[in-house]
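Welcome! Take a moment to look over the sequence and the model, and then let us walk through a few places together.

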Amino acid sequence: MSTSLLRPPSLLRLLGAWRAQDSAEPAYRQLAQALRMLVLDGRVGLNVRLPGERELAAALGLSRTTVAAAFDRLRDEGFLESRQGSGSVTRIPPGRAETAPGEIDTTTGGNLLNWTHAALPAAPGVARAYAHAVEALPAYLGDLGYDPLGIMVLRRAIAAHYERRGCPTSPDQIMVTNGAQQGFSLLLQWLAGPGDRVVIDHPTYHNAIQALQRAHVVPVPVGLPAQGWDVDAMEAAFRQTSPRFAYVIADFHNPTGRSMDPATRRALVAAAARSHTPLVVDETMVAMGLDFAPPPPVAMHDPSGRQVITLGSASKIFWGGLRVGWIRADVQTVAALGRLRTTMDMASPVVEQIAVAQLIDADVGLGERAGQLRGRRDHLLGLIADRLPHWRVESPAGGLSLWAELPRAEATALAALAESLGVRIAAGPRFGVSGAFERFLRLPFTLPEEQLAIGVERLVEADARLHARMPKGRDSLAMALDADRLI
């Protein structure tokens, strides 16, 4: 398995104010805890090579002995693996590996409820679409099967889907990818390079942040206001930072669930056009409307696709195992991305493309699952209102999760303590840069109601333990360290 290298400047940004100066805890233990939480929270991925001890010590202003002791502690706990000549690579200790969404892991007796995945099981009709694809496959076997832009039947289906949503689109404006994440990686490689800036709404999808940081591209966060989007702030960021592009989730935003209204979409495209900033609009969640259907696509205000580049995916609406996504852009951009793609992989699997084409043509959306998700969302809202009334949570119009605001900046500490009590949650900093959103948690409502109830009860216990043993006024790092001692 290949490894990626996390350089000292990137690690320092992730660590933030990791050291509590008034703490009696030795520096090496504080550093080990901070690094451990970055791995557990997903802000540093697995199989990532950390900077060397001497290099990191110089960047942090510590002795090499201190950094070496922190690394030794993480190796003993199973969070680092070191090999001669290969450096120290992040790992998860045996028994802590992630389980499937909603699965309770009892392999180590821990009864761990994994509450981090905002995804659904396969939609009705997926098996039928695969059966149809296998039947249709012989017609494609006379060809080589290598088409970096995707098979035409799927490109036509996607273009027709945009037409139904009010955005004229030709199949030549569509490129099929292995999921929206590959589409974003292609656009990132094509549009930006190390040291360039990219404007993002803040918070945003955690894998997009990680992709930017691993490419050594600087994310420029523009905070989301209490409601909607701040287009004036976005335009100011366009003018002041000259970004290579802006990345926005306009439909049932991950993690907040909000949806951009038509007037804001129009204003955002106009602002981007004035500063010649390409807009990359992530529509991964567009089919996840619960209270209303999404407005027409942002791309409707730029049908040519020269200003607005759209990412789509079959994973959220149909099934995560269908690794099929797409890019909608102008014809020249699609052709350029197709040439770039051949340096990464040759094409998407044909069977999956045929299956997705049938599913898109059927245009069934969430169907009966929308009612089920609404019920789970409302059930979770009720549980939190009853058991954690000091938390602030608004009902999202769509998406797959709640964005819960805590009274204090303690999300990381709460996540550390909650895991020891059998529930794994995603703390807010996973969805921000420079340690932002310590007052927030993302809580998906995709689990069955009985598991949502278990998760809330374990959070109630973690919340009570955290505050019963910790004096008020402690900062989030000090609380995380104390939570680690309680664990």
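Apart from neighbours within four places in sequence, Leu421 is in contact with Arg458, Glu461, Ala462 and Arg465. Please keep in mind that this is a predicted model. You can find Leu421 in the loop between α14 (411-420) and β15 (423-424). Its relative accessible area is 15%, so Leu421 counts as buried, the cut-off being under 20%.

His253 sits in the loop between β10 (245-248) and α10 (262-274). Is His253 buried or exposed? With a relative accessibility of 1%, His253 is buried. Setting aside neighbours within four places in sequence, the contacts of His253 are Asp201, Pro203, Thr204, Leu224, Trp229 and Arg258. Between the C-alpha atoms of His253 and Tyr205 there are 8.4 Å, with 48 residues separating the two along the chain.

Here are the two C-alpha pairs side by side.

| Pair | Separation in sequence | C-alpha to C-alpha distance |
|---|---|---|
| His253 and Tyr205 | 48 residues | 8.4 Å |

Next comes the largest pocket, which holds about 990 Å³ of space. It is lined by 40 residues, and those closest to its centre are His117, Tyr205, His206, Asn207 and Arg430. Two or more lining residues come from each of α2 (27-40), α7 (179-191), α8 (206-214) and β12 (308-313). Which element gives the most to this lining? The answer is α8, with six residues. Sorted by class, the lining of the largest pocket has 16 nonpolar, 14 polar and ten charged residues.

Finally, let us visit a sheet. Strands of a sheet pair through backbone hydrogen bonds, and the pairing is either parallel or antiparallel. In this model, three strands form an open sheet in the order β14-β17-β16, and their pairing is antiparallel. The edges are β14 (401-405) and β16 (426-427); each has a single partner strand, so one side of each lacks a neighbour in the sheet. Strand β17 (residues 440-444) runs antiparallel to β16, and two bridges join them.

Definitions and conventions. Residues are numbered from 1 along each chain as its sequence is written. This is a predicted model: local features need pLDDT of at least 70, side-chain atom pairs count only at pLDDT 80 or more; totals for chains, interfaces and linings use all residues. Side-chain values use heavy atoms; hydrogens and water are left out. Helices (H or I, at least four residues) and strands (E, at least two) are DSSP runs, numbered from the N terminus. Buried means under 20% relative accessible area, exposed over 50%, partly exposed in between (1.4 Å probe, protein chains only). Contact means heavy atoms within 4.5 Å. On a 1 Å grid over the protein atoms alone, a cavity is a set of points where a 1.4 Å probe fits but cannot get out, and a pocket is an open set with protein on both sides within 12 Å along at least five of seven lines; lining residues have an atom within 4 Å of a point. Grid points are joined across faces, edges and corners, and a volume is the space filled by probe spheres set on the points. Ala, Val, Leu, Ile, Met, Phe, Trp, Tyr, Cys and Pro count as nonpolar, Asp, Glu, Lys and Arg as charged, and the others, Gly among them, as polar. Two strands pair if DSSP finds at least two bridges between them.
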